[in-house]
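Welcome! Take a moment to look over the structure below, and then we will walk through it together.

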Amino acid sequence: MLKMHDRCELCAGGVERAGEAWICSYECTYCTACARSHTDCPNCGGELVRRPKRTTGAAAIAGRLPARARRRLARDRR
């Protein structure tokens, strides 16, 4: 699961969990202002992309059985 860091890696400014942020494939997190000044991640050189927003909370996710879990349970019963 994606870690939703709340601090920018460069300026240490706050990044709201539901707000706009930028990440690389190693989950280095940057605020919009710092991301605009770099085309790649300053830490690892990876591509910076807009961080996705979470649409549900952990309780809602836990309340449903993901398709991959259903497939695994069905496979294990064979």
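In which sense do strand β1 and β2 pair, and over how many bridges? Strand β1 (residues 22-23) pairs with β2 in the antiparallel sense, over two bridges. This is a predicted model, in which local features need pLDDT of at least 70 and side-chain atom pairs count only at pLDDT 80 or more, while totals for chains, interfaces and linings use all residues. Residues are numbered from 1 along each chain as its sequence is written, and side-chain values use heavy atoms, with hydrogens and water left out.

**The sheet**
- Three strands form an open sheet in the order β2-β1-β3, with antiparallel pairing (two strands pair if DSSP finds at least two bridges between them).
- β2 (29-30) and β3 (49-50) each have a single partner strand and stand at the edges, so one side of each has no neighbour in the sheet.
- Strands here are DSSP runs of E with at least two residues, and helices are runs of H or I with at least four, numbered from the N terminus.
- Trp-22 has Tyr-30 as its bridge partner in β2.

**The core**
- Eleven residues make up the largest nonpolar core, among them Val-15, Tyr-30, Ala-35 and Leu-48.
- Such a core is a set of buried Ala, Val, Leu, Ile, Met, Phe, Trp, Tyr and Cys residues joined through side-chain atoms within 4.5 Å.
- Buried means under 20% relative accessible area, exposed means over 50%, and partly exposed is in between (1.4 Å probe, protein chains only).
- Ala-35 is in contact (heavy atoms within 4.5 Å) with Trp-22, Tyr-30 and Leu-48, leaving aside neighbours within four places in sequence.

**Two partly exposed residues**
- Pro-42 lies in the loop between α1 (32-36) and β3, and is partly exposed at 38% relative accessibility.
- Not counting residues up to four places away in sequence, Pro-42 touches Leu-10 and Tyr-30.
- Ala-12 sits in the segment before β1 and is partly exposed, with a relative accessible area of 46%.
- Although Ala-12 is not a glycine, its phi is positive, at about 60°.

**A buried arginine**
- Arg-51 is found in the loop between β3 and α2 (58-62).
- Arg-51 is buried yet has no salt bridge (a side-chain nitrogen of Lys or Arg within 4 Å of a carboxyl oxygen of Asp or Glu).
- The nearest side chain of opposite charge to Arg-51 is Asp-6, 7.9 Å away; Lys and Arg count as positive and Asp and Glu as negative, while His and the chain ends are not counted.
- A polar atom of the Arg-51 side chain lies 3.0 Å from the backbone oxygen of His-5, and the Arg-51 side chain reaches the backbone oxygen of Arg-17 at 3.4 Å.

Methods: A polar contact is a pair of N or O atoms within 3.5 Å; within protein, one must be able to donate a hydrogen and the other to accept it, and residues adjacent in sequence count only if both atoms are side-chain atoms.
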